[in-house]
Amino acid sequence: MQNTMWAARQRQHLAQIAWSYKWLKAPFIIGAPMRALAGPELAIEISAAGGLGFIGPPVKIADAGADLAKASQLARTSASPALSAHLATSGTLPVGIGFQTWTTALDEAVGSLQQHKPCAVWLFAPKRGQEELDEWTVALRKAEPEIQVWIQVGTLREAVAAAASSSPPDVLVVQGAEAGGHGRAEDGVGLQALFPEVFDATSECSIPLIAAGGIADGRGLAAALSLGAAGGAMGTRLLAANETRISTGYQNEVVRASDSATSTVRTHLYNHLRGTYGWPQQFAPRTVINRSWIDHQEGVSFDKLKILHDDAAKSGDAGWGPNGRLATYVGAAVGLVHDVKPAASIIAETRDEARAIFTFNSNFLGGGE
C-alpha cells in the first residue's frame with residue numbers, strides 16, 4: 001500500500017510539472033540558475049531541447065531585465081514549435097530566473113520581471129530563513145501571479161518549513177551535498193539520503209520535488225527519478241555547454257578535473273579573494289583546488305594571496321588550472337564532465353540515457369532479455 005501511495009504521489013508531481021511547462025519532454029531536465037554563468041542563450045537552448053532553462057541570479061539587478069529581454073528575443077526567433085506554442089498561449093517566457101535573496105532587494109527584483117516575465121523564479125540563500133522566502137513569495141505572487149515560485153533547500157528542516165509555510169512554493173528543489181556552487185557549509189547530506197526523507201516528510205502537501213546535486217548524465221537523472229523526483233536539475237555538466245557564459249580557462253578546468261573528493265573543497269576563500277563577503281554562514285561554495293588554496297593551507301597570508309589572485313585575474317585563461325588562482329566552482333560530479341558540446345546535445349543525451357536505463361531495468365525486472 002505504501003509503495004502504491006509513493007508512486008501515485010510521484011505521478012501527481014510529474015503531471016503538475018508537465019501541465020505548468022508544456023514544452024518539457026520526459027524525463028524532465030532543469031538547467032540550474034548558475035550565477036553569471038547561466039545566461040539567456042543557455043536557458044533558451046535548454047528549453048528548446050525540451051528542458052527548462054533558468055537564467056542565473058544577476059550580478060547587478062539591471063542584468064536581470066537585460067537577460068530576460070534577450071531571452072524574449074531568442075525565444076521568439078527560436079525554431080522550436082513547442083516554445084512558439086507556449087509564447088502564443090502564455091504571458092510568460094519559457095525560461096526561469098534565479099535570485100539569491102540575501103543579496104538582492106526584493107522590490108528591485110520584482111520590478112525587473114515586469115516587462116519580460118519568466119515562467120518561474122528560483123529563490124535561494126535567505127539570511128532570515130523561511131520568513132524571508134515567504135516575503136519574496138507573497139510579493140512575487142501579488143505582482144506577477146503567472147510566475148511560479150521555486151525554492152531551493154538543502155536540509156530536511158528547510159524543506160519541512162517551506163512545505164508547511166502559509167505561502168508554500170509551487171516547486172521545491174532538494175539539493176544534495178554533491179552540488180556545486182554555494183551548498184550547505186557543514187550540514188549537507190547526500191541526495192540519496194536527503195531526497196527520500198524530504199519526500200516522506202512532505203507527503204501531506206502536493207508540491208512537486210526536483211532533485212539537484214551530482215546529476216551529470218542519464219545515470220544521475222534516472223537515480224533521481226527513482227528516488228521520487230519529478231525531474232533533475234543539472235549545473236556542473238552545463239558549465240561545459242557551448243552557450244554558457246564562461247571563460248575558456250574556467251571551462252577547460254571543468255573538463256580536466258576529476259576525483260572531486262581530493263580535487264575540490266568547500267571554502268569561502270575564493271569569495272573573499274574576489275571581494276565577495278556577507279554570504280549567510282550556512283552556505284559555502286565548492287571549488288576546484290588550485291594554488292590559492294594550497295598556499296592558504298601552507299600559511300601564506302591573505303594579503304599576499306589577494307595580490308597573487310588579482311594578478312592571475314589579469315592573465316586571462318591562464319588564471320585557471322592547477323597552477324592558477326581563480327575560483328572554479330563545480331559540483332562533486334565534475335569528474336563525469338569530459339567534453340564541451342551544445343546544450344541541446346547534453347540535454348538530449350542525458351534524457352536518452354535515462355530512458356534507456358529505465359527500459360533496461362523494466363525488461364530485466366520483468367524477466368526480459
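Which residues does the domain assignment of the chain give to domain 1, and which to domain 2? Domain 1 comprises 1-245 + 339-365 and domain 2 comprises 258-334, with bounds that come from an automatic or database domain assignment. The model is predicted, so that local features need pLDDT of at least 70 and side-chain atom pairs count only at pLDDT 80 or more, while totals for chains, interfaces and linings use all residues. Residues are numbered from 1 along each chain as its sequence is written, and side-chain values use heavy atoms, with hydrogens and water left out.

**Contact between the domains**

- The C-alpha centres of domain 1 and domain 2 lie 27 Å apart, and the contact (heavy atoms within 4.5 Å) takes 19 residues from domain 1 and 19 residues from domain 2.
- About 1,600 Å² is buried between domain 1 and domain 2, with carbon and sulfur atoms giving 61% of that area; buried area is the accessible area (1.4 Å probe) that two parts lose on being put together, summed over both.
- Of the area that domain 1 buries against domain 2, 33% is supplied by Trp102, His182 and Arg184, more than by any other three residues.
- Between domain 1 and domain 2 there are zero salt bridges (a side-chain nitrogen of Lys or Arg within 4 Å of a carboxyl oxygen of Asp or Glu).
- Strand 7 (residues 181-184) gives the most to the side of domain 1 that touches domain 2, with four residues, where strands (E, at least two residues) are DSSP runs numbered from the N terminus.

**His182**

- His182 is found in strand 7 and counts as buried because its relative accessibility is 13%, buried meaning under 20% relative accessible area (1.4 Å probe, protein chains only).
- The side chain of His182 makes polar contacts with the side chain of Asn271 (2.9 Å) and with the side chain of Trp279 (3.3 Å).
- His182 and Arg266 are 84 residues apart in sequence, yet their C-alpha atoms are 8.5 Å apart in space.
- Not counting residues up to four places away in sequence, His182 touches several residues, including Phe124, Gln175, Arg266, His268 and Phe283.

Terms used: Buried < 20%, exposed > 50% of the residue type's maximum accessible area, 1.4 Å probe, protein only. Polar contact = N/O pair within 3.5 Å; in protein donor to acceptor, adjacent residues only side chain to side chain.
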